[in-house]
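User: I would like to go through the strand assignments of this model and the grounds for each. Please set every value against its criterion.

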Amino acid sequence: ALGNKSNSKDLGEHKFWKTQPVPQFPTSSSGAALEEGAIDSYKTPADVKQEPGALPSGFVWSLIDIKNEEQCKEVYDLLSENYVEDDEAMFRFKYSKEFLLWALTAPGYYPDWHIGVRVQKTGKLIAFISGIKIEIRVRSKTFDSADINFLCVHKKLRSKRLTPVLIKEVTRRVNLENVWQAIYTGGVVIPTPIGTCRYWHRNLNPPKLVDIGFSPLPRGYTIARLVKSYSVPPHPRIPGFREMTETDVPQVGDLLRRYLNRFDIAQTFGKDEEVSHWFLSGQGKEDKDGKRVEQVVWSYVVEDPTTNLITDFMSFYSLPSTIMKHPKHDMLKAAYMFYYASDVIFQPGGSADDAATHDLKTNRKLEERLNALSNDMLSIAKAADFDVLNALSCLDNNMFLQEQKFGPGDGYLNYYLYNWSCAPIDGGQRTTSQK
Ligand code: NHW
């Protein structure tokens, strides 16, 4: 499974990371409660260098206009050949051009946080790093942050310390916009994760997943038996379950914000415009020439048939992987569970209940609801021909992963904050092994 299973503490020297405003490991777990907040001293954009840092000779900086089709294709090609692979080099993420456009043009994005490096002579794009601005809340503090992603250096130019140059350049451009924090994730362990999630995988196409070596054929199983055990209902079953539309945005936004408030860290999705972007703009309409655009995000709501109010919302996105060396299959159609929310937790409990009983009942209701919703999403994903639905152990996912027959993967995802010290956050990965 993608996501790099190497989750052991890397005790390398970290020549670069030890110079950065990030907590260094081992983090102090001694006594006094950690003061959460900025690590660096206070600065303003006037303190920031006006010129980009120096690249090795023969290379030049090149801002990427991701809305330009050719430039978007160049990033797409770089990532298709050089982006994240699993440890066994069987699969490599293959983000679509539509995905890149969606992920990099969210409301409030800065075009000059999309940074490329080219070979001076040929113009060939050989490295990329990007940021967008999002607002996040960490426990009780809310602030603007860069969300850094798609860091990639061409395979032929690895281990030449280009990465620190890219990171320093994106930091500079972020700081010039008066933003001083960043959030990012990675399969690698560097100083210092705030939390770690585990990847889980729900098999939707057993013959193919066994054939390509993504899943084993469990002992005592035939393919036919496996197909049966992973079959899903042909259609969603919750009354009022339907595709989300633009008119749902205010209600979904309100529901999602209230829902996410329960977690230690979350994007705030403060504006409806953001809700519309993240859950609808990738919904695969026709472009101006009538061509169908590849669908990136799939969002569904439950509209209560009696009140016409939106009670629930759930989404996933499409992120295929290249299958690197298989005679028959070259593409794994993977969907990834994205955001969701449900109002069952906000409904008043019976007046006779004490607080603990109320919490217990609420949890049980939520568990039931999330299972019904995710089961409907499995029907949608299967009907759309996805081979697998992946999910992390974050949010309330542990309430439905096992019941919906997701299996724990060998990949982990570490979460990082730049210039923000923060007590550890439980990523739900449950350190003990479980079946
Ligand atoms: S994670 C995906 C990262 N991309 C890939 O894995 C693609 C395939 N791999 C590659 O392209 C999502 C290369 O292997 C890369 C490393 C480019 C990864 N994060 O150039 P050198 C993201 O995009 C450190 C952070 O020789 P290389 C998030 C490494 O620890 N640091 O390595 C990105 C070492 O430093 P150290 C990473 O193998 C977040 C140094 O790079 C890293 O040729 C970025 C070695 O450099 C990683 N994934 O190329 C941080 N991988 O101190 C944003 C390696 O240990 C921070 N390194 O010696 C915030 C900035 C904004 C702040 C704003 C206030």
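Predicted model: local features only at pLDDT ≥ 70, side-chain atom pairs only at ≥ 80, totals over all residues.

User: What makes strand β10 mostly covered?

Analyst: Six of the seven residues in β10 (residues 297-303) are buried. A residue is called buried if 20 or more other C-beta atoms lie within 10 Å of its own, so six residues of β10 reach that cut-off.

User: Why are β10 and β11 called paired, and in which sense do they run?

Analyst: Seven bridges join β10 to strand β11 (residues 310-318); at least two are needed, so they count as paired. The two strands run antiparallel. Val297 stands opposite Tyr317 in β11. Six residues lie between the strands of this hairpin, where Asn308 takes a positive phi near 60°.

User: On what grounds are β12 and β13 paired?

Analyst: Two bridges join strand β12 (residues 321-323) to β13. The requirement is at least two, so the pair qualifies. The strands run antiparallel, and Thr322 has Met331 in β13 as its bridge partner.

User: Which sheet holds these strands, and why are β2 and β13 at its edges?

Analyst: The order is β2-β12-β13 in an open sheet of three strands with antiparallel pairing. β2 (91-93) and β13 (331-332) each have a single partner strand, so one side of each is left without a neighbour in the sheet.

Notes:
Residues numbered from 1 in each chain as written. Buried ≥ 20, exposed ≤ 12 C-beta atoms within 10 Å, placed from the backbone. Helix = DSSP H or I, 4+ residues; strand = E, 2+ residues; numbered from the N terminus.
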